[in-house]
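Here is a short briefing on one model. It covers helix packing, a sheet and salt bridges.

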Amino acid sequence: MGNCLSLSSSTKATPIETTFKLPSPFPAWPSGGGFANGIINLGGLEVCQISSFNKVWATHEGGPDNIGATFFEPSSLPQGFYMLGCYSQPNNKPLFGWTLAAKAEDDQPSSPSPALQQPVDYTLVWSSESVKMKKDGDGYVWLPTAPEGYAAMGHVVTSSPEKPPLDKIRCVGTYLTDQCQAADSWIWGPPGAASDGFNVYSLTPIDRGIQARGVPVGTFLARNGQASSNDNNIACLKNTNTQPNTYMPNQSQIDALLQAYAPFIYFHPDEVYLPSSVGWFFTNGALLYNKDQEQNPVPIEPTGANLPQGGSNDGAYWLDLPVDQGGKDRVKKGDLPDAEANLHIKPMLGSTFTDIAIWIFYPFNGPARAKVQFFNVSLGKIGEHVGDWEHVTLRVSNFTGQLWSVYFSQHSKGIWVDASALEFQDGNKPVTYASLHGHAFYPKPGLVLQGSGGIGIRNDTAKSKMVMDSGLRPSIMAAEYLGKAIIEPPWLNYCRKWGPKLSYQIADEIKKVEKLLPGPLKSPFDKFIRSIPDEVLGEEGPTDQGYGVQAFMSELEVVALTRWRRVSRV
């Protein structure tokens, strides 16, 4: 884990009373461009990322784990920069966050009005006076009343009932703002509060993705009641800079980021289906099939130069393992020493962050396993497919180059994990765990059961001697903002299936499993099978008439790989 610096000598300190720091200091990033220079010009507005805070008020009940939340205001702002709102986070994790501070650009001849203005008043959104709970005195949450043509970026929190001074905060001209919404991250609500009571949420731009211009401010939304149009009283910033990618890392800076943060990937001790490079897969017998000439598959060139380019996943082409059984069994196992980290570097959140998506290719995905109460059973052929793509994504601040969070892909979904909750190795390199046979990524070892009621798909992870340092053989596959500097391999524009259509009766596989189960568990198991994700059962999944369908494997891999440049809304 990273380092935590204690802020309290209490023997019952909550996690937030420590400040998280990465295990090792930042390296000196290579020079060039605006990356990691501390300030980003959004076009009429300069912003910096503040990670030092003064505590304003805290509660010790309610919220995640029922241990409360703490509210802060940013401190140590650079000269000329103004606070845009307060910061808050639950008490169940170390202090690790940021808010933006802003300064109007000195020369704004084309601006319709000044970029920043004081609010004209404040409205009390909520106070703790009438709430019986453990708290440090009383707290008051205020919404700034923005002048016409301006928007508030966040709330102000005080420990007294008097309104905050008007010069405490700044509102931003609406021509420099974008819409935001409450994120999935719930920060706090009073103990016993309903979802339609007072609650505090983190904020995120509504429009997110590579081309989106919305910039989160790091503030929160205080909602007193159900979601409503009042949520629009808080906005996020918008990057209106005509050259927004000025602050993205150049190639030498990308190399330095990988040296600092490239994760270690641990494989389960029992794993037999390991990754390889795409080139290894092609040169070791992988074949290209055409539905019009299915009996005459052709070998694939090392770069995929003879693969059909573009188009859509129309079922006209697919890839498969070698025809001979010996070659097939050998290629299924992959070649870990030859495995590569295929990188997609992309701007996120208005180019204030860089996402480094690290894609790992496996020639084969092994069979799924299930846990049915006290029984562990193999699901036969269910889950097996050729061509498996998985990814883990690093999110790095373009203000400082600091790693803030990591995304772990997990079958059809995934999770973002703050750096404060990660395991690290060799400095600031996160540790990730690939699940047995399925290769989903997790931040911690152990069992994650994909199901409920003691019945589900097993995702087993553990450390072993099989480990991949993703920084040893990185290859940038795509970085659109770098233009022609990155040459994309032909296989990246292959838009069909990376595996064949496998024909087997899922019902037959299920019956084999059910024969191993005691009678009372057969029905719950059957019900569970009908509810598990399509990528485990097959693209079509069970039908109303039963399980008599063909399993279309690798469909998700097609979608993931051929659209990896366009689907980042995280």
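The buried residues of helix 3 pack against helix 2 (278-283) and strand 27 (353-365); contact means heavy atoms within 4.5 Å. The model is predicted: local features need pLDDT of at least 70, side-chain atom pairs count only at pLDDT 80 or more, and totals for chains, interfaces and linings use all residues. Residues are numbered from 1 along each chain as its sequence is written, and side-chain values use heavy atoms, leaving out hydrogens and water.

**Helix 3**
- Helices (H or I, at least four residues) and strands (E, at least two) are DSSP runs, numbered from the N terminus.
- Gly327, Val331 and Lys332 are buried in helix 3 (residues 325-332); buried means under 20% relative accessible area, exposed over 50%, partly exposed in between (1.4 Å probe, protein chains only).
- Gly334 follows helix 3 and has a positive phi, near 70°.

- Four strands form an open antiparallel sheet in the order 3-4-9-7; strands pair if DSSP finds at least two bridges between them.
- Strand 3 (39-41) and strand 7 (82-83) are the edges, each pairing on one side only.
- Met83 stands opposite Ala101 in strand 9.

**Salt bridges**
- The count is 12, each a side-chain nitrogen of Lys or Arg within 4 Å of a carboxyl oxygen of Asp or Glu.
- Asp460 bridges to Arg369, with closest N and O atoms 2.7 Å apart.
- Asp460 lies in strand 37 (residues 455-461) and Arg369 in strand 28 (residues 369-372), so the pair ties together parts 91 residues apart in sequence.
- Asp460 is buried at 9% relative accessible area; Arg369 is partly exposed at 28%.
- Arg458 also forms a salt bridge with Asp460, at 2.6 Å between the closest N and O atoms.
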